[in-house]
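My notes follow, in the order I looked things up.

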Amino acid sequence: MTTLLNTIDHVFAKKVCSEHQNKPDELLEILHEIQVQEGFLSDRVLRTVSKSLNLSRAEVHGVVSFYHDFKKEKQAENVIKICRAEACQAVDVDKLIADVESYYDIKMDNGGGKVSLETIFCLGNCALGPAVLYKNDLYGRVTLKAVQKMIASTKGVKEQ
Ligand code: FES
């Protein structure tokens, strides 16, 4: 079904491709720009990009699937990215994850809802693990209490 919303994302995707002269070697930049604007990459957008760049849909889907940061579905309004690389593992990031999952009744890498948790590998804050990225701010030595504060400070999200 065509709605005004997915027509707009289609038009925007065409515009971005055109600004990049429809160059296939600029696929990553194009996808990134579209995702920043739209929040995710819909199937319709990916079809538009593949047509505009004269790439197969499999090639475009392959790139989107390969890079963890490209999203094919609408994301939660508040995404907490938690580092699961070695240094953070060493300071028991798994306990932090279990605490947050349990407190908010959410699952890691499960998307949706007002708040979601996403795995990320190394934020360059290894000496201060567990490290978390939230709304482009980096946090170190994060505890459940710190996560509760982050979420409570976000307008429109009520602390549970
Ligand atoms: S290992 Fe977690 S920030 Fe580097």
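Predicted model: local features only at pLDDT ≥ 70, side-chain atom pairs only at ≥ 80, totals over all residues.

**Entry: the sheet**

S1 and S3 run antiparallel and are joined by three bridges. On to S2: six bridges tie it to strand S1 (residues 78-83), and these two run parallel. Within that pairing, I noted Leu 117 of S2 as the bridge partner of Ile 80. Strand S3 (residues 132-134) also has three bridges to S4, again antiparallel; there, Val 132 has Tyr 139 in S4 as its bridge partner.

What order do the four strands take in the sheet? I read S2-S1-S3-S4, an open sheet with mixed pairing. Strand S2 (115-120) and strand S4 (137-139) are the edges, each pairing on one side only.

**Entry: helix H6**

Next I went to H6, residues 93-104. Its 12 residues reach 17 Å from first C-alpha to last, close to the 16 Å expected at 1.5 Å a residue.

Which residues of H6 are buried? I listed Val 93, Leu 96, Val 100 and Tyr 104. They lie on the same side of H6, because they cover an arc of only 55° around the axis. I recalled the general rule here: an α-helix has 3.6 residues a turn, so residues three or four places apart point the same way. Turned away from that buried side, I found the exposed residues Lys 95 and Ser 102.

I asked myself what covers the buried residues of H6. The cover includes S1 and S2 from the sheet, plus helix H5 (86-90) and helix H7 (144-152). Just after H6, I spotted Asp 105 with a positive phi of about 55°.

**Entry: the cores**

Last, I looked at the largest nonpolar core, which has 18 residues. Ile 80, Ile 82, Cys 83, Ala 131, Val 132 and Val 142 touch the most other members. S1, H6, S2, S3 and H7 each give two or more residues to this core, and H6 has the largest share, four residues.

Leaving out residues up to four places away in sequence, its contacts include Cys 88, Val 93, Ile 120 and Ala 131. Apart from this core lies another, of 12 residues, with Ala 13, Val 16, Ile 34 and Leu 53 among them.

Technical notes: Residues numbered from 1 in each chain as written. Pairing = 2+ DSSP bridges. Expected span 1.5 Å × (residues − 1). Buried ≥ 20, exposed ≤ 12 C-beta atoms within 10 Å, placed from the backbone. Arc of directions from axis to C-beta. Contact = placed C-beta atoms within 7 Å. Core = buried A, V, L, I, M, F, W, Y, C linked by C-beta atoms within 7 Å.
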